[in-house]
Amino acid sequence: MKQISYIQLPFKEWKDTFSFYFQVKVRFSETDMFGHMNNTAPISYFEEARIEFFKHAGLMDNWLKKDGELIPVVADIQCDYIKQVFFDEKIRLHVKAASIGNSSMDLHYCAVNEKNEVCFTGRGTVVQISKYNGKSVPFLEVEKKMLAQSAIFAT
């Protein structure tokens with residue numbers, strides 16, 4: 001397997017640092033005529049898992065407030081394909097905060113099939129911004145602690 005730039009640890013060790021996951025099932029509409037998962041599907045899987053991850057950490061409550069100012073936006077996203085995935089397969093999509101900055105966090109993703117084989121990995125930067133002016137807004141210390149204390153933050 002090729003070296004993936006954002007994975008600094010030995011691969012198995014990196015894989016073992018995840019604790020949170022969200023299960024997805026490959027839908028027929030997400031496959032090509034050969035039954036392979038379309039290469040765009042992982043990005044939507046990342047989104048689903050990321051939202052569930054933020055809910056689990058307790059961050060979505062603030063972002064979803066009707067009169068709230070802050071929202072998370074994806075600044076970049078990357079996917080590395082390792083193993084073919086087919087229609088009807090169940091995938092555990094693991095998510096972790098690899099690092100947290102002032103107003104952004106780098107998330108890592110690891111998709112594992114029912115045989116515990118890694119099918120694809122990914123990473124992406126999420127930035128907290130003001131929905132009124134589009135500028136980044138620093139995370140509060142309590143928000144950083146919400147990630148750290150929920151046993152889903154791993155370095």
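A residue is called buried when its relative accessible area is under 20%, exposed when that area is over 50%, and partly exposed in between (1.4 Å probe, protein chains only). By this rule C79, at 18% relative accessibility, counts as buried. The structure is a predicted model, in which local features need a pLDDT of at least 70 and side-chain atom pairs count only at pLDDT 80 or more, while totals for chains, interfaces and linings use all residues. Residues are numbered from 1 along each chain as its sequence is written, and side-chain values use heavy atoms, with hydrogens and water left out.

The protein has four helices and five strands, where helices (H or I, at least four residues) and strands (E, at least two) are DSSP runs numbered from the N terminus. Read from the N terminus on, these elements follow the order α-β-α-α-β-β-β-β-α. The C-alpha trace spans about 45 × 35 × 25 Å along its principal axes. The radius of gyration, taken over C-alpha atoms, can be set against a globule rule of 2.2 Å times the number of residues to the power 0.38. For 155 residues a compact globule would have a value near 15 Å, and the protein agrees with this at 16 Å.

Confidence is given by pLDDT, the predictor's score for each residue from 0 to 100. Its average over the protein is 91, and 95% of the residues score at least 70. Where pLDDT is low, the predicted coordinates should not be read in detail.

Surface and interior come next. Of the 155 residues, 43% are buried. The accessible surface amounts to about 8600 Å², with 53% of it belonging to carbon and sulfur atoms; such areas come from the Shrake-Rupley method with a 1.4 Å probe, and for residues only the protein chains shown count as cover.

F46 belongs to helix α2 (residues 41-57) and is buried, with 0% relative accessibility. Beyond its neighbours within four places in sequence, F46 is in contact with I77, Q78, C79, L93, Y109, F120, T121 and G122. A111, in strand β4, is likewise buried, its relative accessible area being 0%. With neighbours within four places again set aside, the contacts of A111 are I91, R92, L93, E117, V118, C119 and F120. S103 sits in the loop between β3 and β4, yet this residue is buried at 12%. Apart from its neighbours within four places in sequence, S103 touches V126, V127, Q128, S136, V137, P138 and F139.

C119 is in no disulfide either, since its nearest cysteine sulfur, in C110, is 8.8 Å away. C119 is buried, at 0% relative accessibility.

At the other end of the accessibility scale is K12, located in helix α1 (residues 11-15) and exposed at 60%. The side chains of K12 and D16 are joined by a polar contact of 2.9 Å. Such a contact is a pair of N or O atoms within 3.5 Å; within protein, one must be able to donate a hydrogen and the other to accept it, and residues adjacent in sequence count only if both atoms are side-chain atoms. K12 is also 9.9 Å from V118, C-alpha to C-alpha, although 106 residues separate the two in sequence.

Most residues other than glycine have a negative phi. D88 has a positive phi, near 75°, and lies in the loop between β2 (70-81) and β3 (90-100). With 40% relative accessibility, D88 is partly exposed. N116 also has a positive phi, of about 65°, without being a glycine. The loop that holds N116 runs between β4 (104-112) and β5 (118-130), and this residue is partly exposed at 43%.

Key:
Contact = heavy atoms within 4.5 Å. Disulfide = S-S within 2.5 Å.
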